Amino acid sequence: MKILITGVAGFIGFHLSRYLLKKKFDVFGIDNLNDYYDIDLKSCRLKILKDEKLRFKKIDISNKAHVDKIFLKENPSHVIHLAAQAGVRFSIDNPFNYINSNIVGFQNIIENCRKYNINHFIYASSSSVYGLNKKIPFSENHITDSPANLYGATKKSNELVAFSYSNLYSLPTTGLRFFTVYGPWGRPDMAYFKFTKNIIEQNPIEVYGYGNMYRDFTYIDDVVYVIGKLINILPKNNGDNKNRSIPAEIYNIGNNKPEHLENFIKIIEDTTKLKAIKNYLPMQMGDIIKTFANINKIYKKIDYIPKINISTGLPMFIDWYKSFYK
Ligand SMILES: NC(=O)c1ccc[n+]([C@@H]2O[C@H](COP(=O)([O-])OP(=O)(O)OC[C@H]3O[C@@H](n4cnc5c(N)ncnc54)[C@H](O)[C@@H]3O)[C@@H](O)[C@H]2O)c1
């Protein structure tokens, strides 16, 4: 078994690779180490992975020739595709980053998965595909044709392309709709990270939606557990045509517990023993008020029950933050 992980220097890619390397899997990682957020943080993650024997190549997945070369040389049996331009707010001013990485890049990866007939293609989707959907909790069988922003639209496109490859070529594809993943080594562009930094530095924090927002938070170890389990569980059947097997599956990966923004700020305040200076602002363009994951499907598949809630997980993040940034 040879696993190719894209976006390996990213937050989820880093944790997943460490987990698989510890289990002695043969892991090859790629990443373009872009500067969407602090490159030093990506380099530090990568250094740890290399010390743990990760083989790595810096490439941009939007470059087809480079992606083709990696597949030709490495011939992976499994691909876990995490590389993407993430973030909702950044997509407003930088649409082409999303098209290049999430659409063109995704196509370059999945096309090689088909060409080399790989055993299983697992890829990161997002809770953002639910967009303007009003029904909660969000379930995989809800209609997701109203993304609130371009990021969500690119993730939904990925799901559709993956389904078409499963249909046309019987490529086993599993899409994971992650709900606000957080934890040590997390992403500096995300609210929990910015709040922690600003509260510790006693700078004001920007509280959007006047604080009236909810997020279903998922601790990184729970996410890694799910991916680790799913690698060897191939999708069986999907789609309307029950007479024919289309090996495409999609799962929500969340906590099934939306947390109020003020509550998670309070946990950071209690943990740091510092008071937040709050600057209340209206909701940002493209944002949504609430995310809430129905996780029955993944529970039935692999007995997944999230282990860590934010009152345990946020303090673990804050401990890491303090030791990393001294
Ligand atoms: N963290 C979350 O809360 C969350 C929620 C929903 C979905 N996701 C998805 O999960 C995946 C991983 O997210 P993350 O939080 O680890 O993000 P991340 O930004 O930390 O990791 C993504 C990595 O991909 C790399 N990358 C981006 N574009 C690339 C390109 N064109 N070529 C090569 N490498 C490229 C980046 O350098 C980065 O290291 C992404 O697809 C993201 O959209 C994450």
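R215 lies in strand β9 (residues 214–216); strands here are DSSP runs of E with at least two residues, helices are runs of H or I with at least four residues, and both are numbered from the N terminus. This is a predicted model, in which local features need pLDDT of at least 70 and side-chain atom pairs count only at pLDDT 80 or more, while totals for chains, interfaces and linings use all residues. Residues are numbered from 1 along each chain as its sequence is written, and side-chain values use heavy atoms, with hydrogens and water left out.

- R215 is buried, with a relative accessible area of 16%; buried means under 20% relative accessible area, exposed over 50%, and partly exposed in between, with a 1.4 Å probe and protein chains only.
- The side chains of R215 and D287 are joined by a polar contact of 3.2 Å. A polar contact is a pair of N or O atoms within 3.5 Å; within protein, one must be able to donate a hydrogen and the other to accept it, and residues adjacent in sequence count only if both atoms are side-chain atoms.
- Neighbours within four places in sequence aside, the contacts of R215 include T180, K257, E259, D287 and K290, where contact means heavy atoms within 4.5 Å.
- R177 lies in strand β6 (residues 173–178) and is buried, with a relative accessible area of 2%.
- From R177 to K236 the C-alpha to C-alpha distance is 18 Å, and the two are 59 residues apart in sequence.

**Ligand surroundings**

- The ligand is surrounded by 29 residues, and the closest are D31, Y37, Y151, K155 and V181; a residue is near a molecule or strand if one of its heavy atoms lies within 4 Å of it.
- By residue type, the shell around the ligand holds 16 nonpolar, eight polar and five charged residues. Nonpolar covers Ala, Val, Leu, Ile, Met, Phe, Trp, Tyr, Cys and Pro; charged covers Asp, Glu, Lys and Arg; the others, Gly among them, count as polar.
- Y151 has a polar side-chain atom 2.6 Å from an oxygen atom of the ligand.
- In the side chain of K155, an N or O atom is 2.8 Å from an oxygen atom of the ligand.
- V181 places a backbone N or O atom 2.7 Å from an oxygen atom of the ligand.
- The ligand taken alone exposes 820 Å², and the protein buries 98% of that; accessible areas come from the Shrake-Rupley method with a 1.4 Å probe, and for residues only the protein chains shown count as cover.
- Two or more residues of the shell come from each of α1 (11–22), β5 (120–126) and α6 (150–169), and β5 gives the most, with three residues.

**Overall fold**

- Eleven helices and 13 strands make up the count for the protein.
- Of the 326 residues in the protein, 54% are buried.
- Contacts between residues 24 or more positions apart are 82% of those with a separation of 6 or more.
- The accessible surface of the protein is about 14600 Å², and carbon and sulfur atoms hold 54% of it.

**Backbone geometry**

- The I136 to P137 peptide bond is cis, with omega near -5 degrees, and P137 lies in the loop between β5 and α6.
- K273, in the loop between α9 (261–272) and β13 (277–280), has a positive phi near 60 degrees and is exposed at 73% relative accessible area.
- K326 follows α11 (310–325); phi of K326 is positive, near 50 degrees, and K326 is exposed at 85% relative accessibility.
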